[in-house]
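Good morning, colleagues. Please turn to the sequence and the structure on the screen, and I shall take you through the fold.

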Amino acid sequence: MALVAIVSVGAPRRFVMRPVEAGSGRQRVFHVGWGDLLVMGGASQRRWLHGIPKVKAAAPRMAIMFRQRFEPYGRTRPAGYNTRSLDR
């Protein structure tokens with residue numbers, strides 16, 4: 001499973017995390033701004049959908065991601081892994 005570190009640069013945004021399994025808990029909302037660091041891995045990658053919801057208008061922002069993958073030899077991610085949209 002990948003370990004991901006994200007540095008936010010620019011205007012603040014809502015970062016939303018929602019359980020993959022419907023009904024297994026409520027969503028979490030974080031407000032990330034300039035220089036904030038978010039680190040995710042392990043259970044957070046497997047059990048939570050995450051992202052920045054679309055908004056009509058927003059000031060410029062950039063996310064710098066650092067990844068290190070930890071996967072056994074020959075293992076690949078299943079089709080559609082963690083690709084569902086948070087925009088409902």
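Of the contacts in the protein chain with a separation of 6 or more, 76% are between residues 24 or more positions apart. Please bear in mind that this is a predicted model.

Let me turn to the secondary structure. The protein chain holds 1 helix and 6 strands. Followed along the sequence, these elements give the pattern β-β-β-β-α-β-β.

Next, the sheet. In which order do its strands lie? The order is S3-S2-S5, in an open sheet of 3 strands with antiparallel pairing. Strand S3, residues 28-32, and strand S5, residues 48-51, stand at the edges. Each of these two has a single partner strand, so one side of each is left without a neighbour in the sheet. On average, neighbouring strands of this sheet are turned by 20° against each other, with direction ignored.

One pairing can be examined in detail. Strand S2, which covers residues 13-19, is joined to S3 by 5 bridges, and the two run antiparallel. To locate this pairing on the screen, please find Met 17, which stands opposite Arg 28 in S3.

Finally, burial and surface. How much of the protein chain is buried? Buried residues account for 26% of its 88 residues.

Thank you for your attention.

Definitions and conventions
Residues are numbered from 1 along each chain as its sequence is written. This is a predicted model: local features need pLDDT of at least 70, side-chain atom pairs count only at pLDDT 80 or more; totals for chains, interfaces and linings use all residues. Side-chain values use heavy atoms; hydrogens and water are left out. Two strands pair if DSSP finds at least two bridges between them. Helices (H or I, at least four residues) and strands (E, at least two) are DSSP runs, numbered from the N terminus. Axes are lines fitted to C-alpha atoms, for helices over the stretch in contact, and angles run from 0 to 180 degrees between N-to-C directions. Buried means under 20% relative accessible area, exposed over 50%, partly exposed in between (1.4 Å probe, protein chains only). Contact means heavy atoms within 4.5 Å.
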